Amino acid sequence: KKPYNITIYEDAGFQDSKKVEFVKGVKTKKWSLIANFLDNSLMRNKIAMDLAEDIGIGMKTRFADLWMNGEYLGNYLITPKNDYNAPDGGYALENDNYLEEGEEQFPIPGMFEIGKITGDRGYYNRMTVKDIGKDAKKQGVDTAAIETYFLEAWAALEDFDSENYQNYFDMDSWAKMFLMYEVSKTYDCFSGSLLMHRDGLTPSDKLIAGPAWDYDVSFGRTLHKFFVGVAENVQVNA
């Protein structure tokens, strides 16, 4: 069952994209249709996204039945595309296992990497640049500049004798993300799908955790034999 990313345009010429309100209170041009394929209950993503929104690091969602070319394709969860959170003056990042077309990555010092998954698709435990705001691009922000800043933040994080890391990370949002992982017992905890964003380029603009994303393998549902791509029946997380 495939997930989809969709962009809404003004007309069939696909020249001017258009903001629409598929979810009450949210207008944006790009949306994701989440398949929930690994979760037979279809509820885990919705429950987690509602919880994350309630505590301030989530996105609004709603269920949707999907038809394409007259064929019913099942129940989906519709949500703003996960990199929508990058503001004009900042950028969005993901601790990721994949590299999609048009994206760039950089390694995290000291983090374990298994290597390529399939072909040239990507690596484990790398930072992916999901989106750079238009104003940030005008100021020369690119992957190299983002990597430089992130490595400074990472070095501060690894300096256990200092609290300088608090100058780089928005502590409230990261505490909330920790609680999301703790409560949901998500299998994706630090194996991908960890999103963050920086809303500006000044020293006071820190790395903010979120939005929360990808909770279909959580709340007691996890993968067994992950590396051979087999999703077994329900497994209980430790």
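Predicted model: local features only at pLDDT ≥ 70, side-chain atom pairs only at ≥ 80, totals over all residues.

**Entry 1**

I started at D39, which counts as buried at 1% relative accessibility; buried means under 20% relative accessible area, exposed over 50%, and partly exposed in between, with a 1.4 Å probe and protein chains only. I then looked up who meets the side chain of D39, and found R44 in a salt bridge at 2.7 Å, N to O. The term stands for a side-chain nitrogen of Lys or Arg within 4 Å of a carboxyl oxygen of Asp or Glu. R44 counts as buried too, with 16% relative accessibility.

Residues are numbered from 1 along each chain as its sequence is written, and side-chain values use heavy atoms, with hydrogens and water left out.

**Entry 1: the other salt bridges**

How many salt bridges does the rule give? I get five.

I looked at K60 next, whose side chain meets that of E53 at 2.8 Å, N to O. Here K60 is partly exposed at 34% relative accessibility, and E53 is partly exposed at 27%.

Then I went to K130 and E94, which form a salt bridge at 3.4 Å, N to O. K130 sits in strand 9 (residues 126–132) and E94 in strand 7 (residues 91–96), so this pair ties together parts that are 36 residues apart in sequence. Strands (E, at least two residues) and helices (H or I, at least four) are DSSP runs, numbered from the N terminus. I noted K130 as buried, with a relative accessible area of 16%, and E94 as buried, with 5%. Salt bridges with shared partners join E94, E103 and K130 into one network.

In which order do the strands of the open four-stranded sheet lie? I read the order as 1-4-6-5, with antiparallel pairing; two strands pair if DSSP finds at least two bridges between them. Strand 1 (4–7) and strand 5 are at the edges with a single partner strand each, so one side of each has no neighbour in the sheet. On average, neighbouring strands here are turned by 40° against each other, direction ignored. For such angles, axes are lines fitted to C-alpha atoms (for helices over the stretch in contact), and angles run from 0 to 180 degrees between N-to-C directions.

I walked across the sheet from strand 1, which pairs with strand 4 in the antiparallel sense over four bridges. T7 has K30 as its bridge partner in strand 4. Helix 1 (residues 44–55) packs on this sheet and touches strand 4, strand 5 and strand 6, its direction making about 15° with that of strand 6; contact means heavy atoms within 4.5 Å.

**Entry 2: strand 6 and its two partners**

Strand 6 (residues 71–80) held my attention for a while. Seven of its ten residues are buried, so I wrote it down as mostly covered. Strand 4 (residues 30–34) pairs with strand 6 antiparallel over four bridges, and W31 has P80 as its bridge partner there.

Strand 5 (residues 62–68) also runs antiparallel to strand 6, joined by seven bridges. Along this pairing I found R62 opposite I78 and F63 opposite L77. As a reminder, side chains in a regular strand alternate between the two faces of the sheet. The hairpin of strand 5 and strand 6 has two residues between the strands, and N69 takes a positive phi near 50° in this hairpin.

Which other residues did I list for a positive phi? One is K185, a residue other than glycine with phi near 50°, which lies in the loop between helix 4 (171–184) and strand 10 (194–198). K185 is partly exposed at 35% relative accessibility. Another is F219, with phi near 45°, in the segment after strand 11. F219 is partly exposed, with a relative accessible area of 30%.

Last, I checked the peptide bond from G210 to P211, and it is cis, with omega near 5°. P211 is found in the segment after strand 11 (207–209).
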